[in-house]
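Hi,

Here is the structure I promised to pass on. Have a look at it first, and then read my notes below.

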Amino acid sequence: MAEVVFKDIVKSFGSFTAVHGLNLTIAEGEFVSLLGPSGCGKTTTLRMLAGLDFPTSGSISIGNRVVNDVAPGERDIAMVFQSYALYPHMTVYDNIAYPLKKRGVRKADRAPMVQKTADLLQLTELLRRKPRQLSGGQQQRVALGRALVRDPKVFLLDEPLSNLDAKLRGYMRVELVELHRRLGRTMVYVTHDQLEAMTMSDRIAVMEGGKLQQFAPPNEVYREPANRFVAGFIGTPAMNLIDGTLANEAGAWRFASPGITLTCPPLTDDAVSGPACLGVRPEDVLLGEGPIRGQVQVVEQTGHENIVVVKIADGIRLTGRAGADHVWRPGETIQCAVDVSKAHVFAAGPSGQRLNRPLTKDQPRLAKEGA
Amino acid sequence: MSTVRRTPLERQYALIGSLLIAPTVLIFCAVIVYPLVSAVYLSLFQVFTPTLEGSWVGLENYRTLLGKNEFWSSLWTNIVWTVGTLTLQIICGVGMALVLHQNIWFRSIARSLILFPYFVSTVVAVLVWKWVFNDLYGILNHLMIVAGLIDFPVDYLGSMPNAMISVILVGAWKYFPFVVIAVLARLQTIPDALYEAARIDGAGPIASFWDVTLPQLREVLVVIIMLRAIWDFKEFDLIYLLTGGGPVTSTQTLPLLVYKEAFKLNQMGMASAYAVVMMAIMLVFMVIYIRRTRSEDDT
């Protein structure tokens, strides 16, 4: 069993609290990403799991064993650092063999284990080289090899792809997912890159301000963000978040803000009349027809689509996706609509809770609506 | 064979560059090249120091010095002093740098205080140490008698091997801060991630030192050892002020011998020959140092 459990974890540095009462259970064999902006506490959480930092209070368990007082080398974990942290004076072979050496594995037994790991990561030709003679991608694979060689219970990966170029990052994402599938080990992956988290993880733990905002599979984090922060953080281009007012009119919730008024999707009992926020993904904004009238401000051409920013009122803009074949011109007047069935309503405030009722498979699609 | 034609702009840049480095080259020639050539020239004469007049003797001075016991014994003393004090400087310097690299509460003040021996004037330092070592009223003898370690005062500077040990200890005390600073500067550039990776790989503090710290210090230690070896080899004032080369000539190193020949025996030609031989010995260290720094630049 290599279930990882964080229970009521608090981590303070003097008067600054980096992690506030974190409760998180990572199942055995799961690939979990800790995702959030800089300073959200994700790396601190990973370092506490690694034993490099100690929680101020709470407990961390790996495989039913509380490891708060266990040295990093005895936790049966392996970590890949953002900088790779390869020993510069050692060859690739010695780097990979080092954890085995420190655990007293005999020299004769180390060789086949290193060889097997090198074969797995296609490092065989590089075993005699020093880290400085390797490319970024090769160094990254050596760091992975050093983590893999002794088959730990849990792999910790601290932004391991952030130093690679975009093409290599894409390649390594696939490699890591494939590796996880093959090994079936628990992996905890820290990243601020939502694309990495979305494409690789079984579940994503979104953190902000030292607090866990949502812990759910990628699809759910995207489709049903727990609050306004998660909604705004996940998705590129970001979700349109429009502040306005919520009012109950004869049993139906209506949202209104300058330039846009619509009937809300079904909301929970937590919904109250007053300030609220409407969230609409750019792909749920229909451009070219509909009741909302606006003016095209910016058009970003990405090749396969155009991202169009439309001003619908003073200080209120809607971003929508359009096919690459229709190029909108800045300044052009445009009609648009939003797909209300996929719209989100959040309580007021920067971390306002999502007020929509949970989606069901058979939820009917509502008609597009607008001002 | 193709010739590279320079553009007018390149020629202009080259001219400006030459003009900018010209003052440095001139000063270098005046204070380094001229004395060097002058020393070699003087070593070929028998020169009376007060008048700087003498006669051409060719390589006779070199033949004489190679046949003199005093030269060889001074060279041996020089090697003992250099190796002894350098070893202590490195051990104490690296040790102290490791301590000061830790997150201890008095780190800032300790880092400043540690420089004190290096900055204090040699004359002042020697006066203090002579007082400490004095066999009549020295505090060291007093403390050792009080502690019951000795029954009678020890003559630290007037007998062997005490005098050499004392000189080596004072030399190490005076110059180990240089090692501390250089090593500390290097220690601060070793990424924490390397230590953290070693901890996760199962290395304890001692294994981390051998497997992470020491390999990272190797390059800087080679440079420190080379520089300090050169500087210690030609050390004059500290030894001269502490023992004057005595008892008799027991702590007389080559620089003291050069001084004696030049200003006590008034044999400037002979003294120059000693100095040239010293320079030749130090050239070995210099060549290693230059090769080392060049290979670092290449990587």
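First, the ground rules. This is a predicted model, so local features need pLDDT of at least 70 and side-chain atom pairs count only at pLDDT 80 or more, while totals for chains, interfaces and linings use all residues. Residues are numbered from 1 along each chain as its sequence is written, chains are lettered from A and ligands numbered from 1 in the order in which they are written, and side-chain values use heavy atoms, with hydrogens and water left out.

Chain A has eight helices and 19 strands (DSSP runs numbered from the N terminus: H or I of at least four residues for helices, E of at least two for strands). Its C-alpha trace spans about 75 × 45 × 40 Å along the principal axes. Of its 371 residues, 52% are buried (buried is under 20% relative accessible area, exposed over 50%, partly exposed in between, with a 1.4 Å probe and protein chains only). Taking contacts (heavy atoms within 4.5 Å) between residues at least 6 apart in sequence, 65% join residues at least 24 apart.

Leaving aside residues up to four places away in sequence, A:Gly21 touches A:Asp8, A:Ile9 and A:Val10. The C-alpha atoms of A:Gly21 and A:Val10 are separated by 4.9 Å.

On to the cores (sets of buried Ala, Val, Leu, Ile, Met, Phe, Trp, Tyr and Cys residues joined through side-chain atoms within 4.5 Å). The largest has 67 residues, and A:Phe6, A:Leu156, B:Val183 and B:Ile224 touch the most other members. Helix H10 (residues 205–233) of chain B gives the largest share of this core, nine residues. A second, separate core of 34 residues includes A:Tyr84, A:Leu86, A:Ala147 and A:Leu179.

Now the interface: 15 residues of chain B are in contact with 24 of chain A. The two chains bury about 1,600 Å² between them, 58% of it from carbon and sulfur atoms (buried area is the accessible area, 1.4 Å probe, that two parts lose on being put together, summed over both). On the chain B side, B:Arg199, B:Ile200 and B:Asp201 lose the most area to chain A, together 42% of what that side buries.

The rule finds three salt bridges across this interface (a side-chain nitrogen of Lys or Arg within 4 Å of a carboxyl oxygen of Asp or Glu). In one of them, B:Asp201 pairs with A:Arg146, with the closest N and O atoms 3.7 Å apart. A:Arg146 lies in helix H4 (residues 136–148) of chain A and B:Asp201 in the loop between H9 and H10 of chain B, so the pair joins two chains. A:Arg146 counts as buried at 3% relative accessibility, and B:Asp201 does at 5%.

The structure holds 20 salt bridges over all chains. Within chain A, A:Glu305 and A:Arg321 form one, with the closest N and O atoms 2.5 Å apart. That pair links strand E16 (residues 305–313) to strand E17 (residues 316–323). A:Glu305 is buried at 11% relative accessibility, whereas A:Arg321 is partly exposed at 24%. In chain B, B:Arg228 and B:Asp232 meet at 2.8 Å, N to O. These two are four residues apart in helix H10, so about one helical turn separates them.

Cheers
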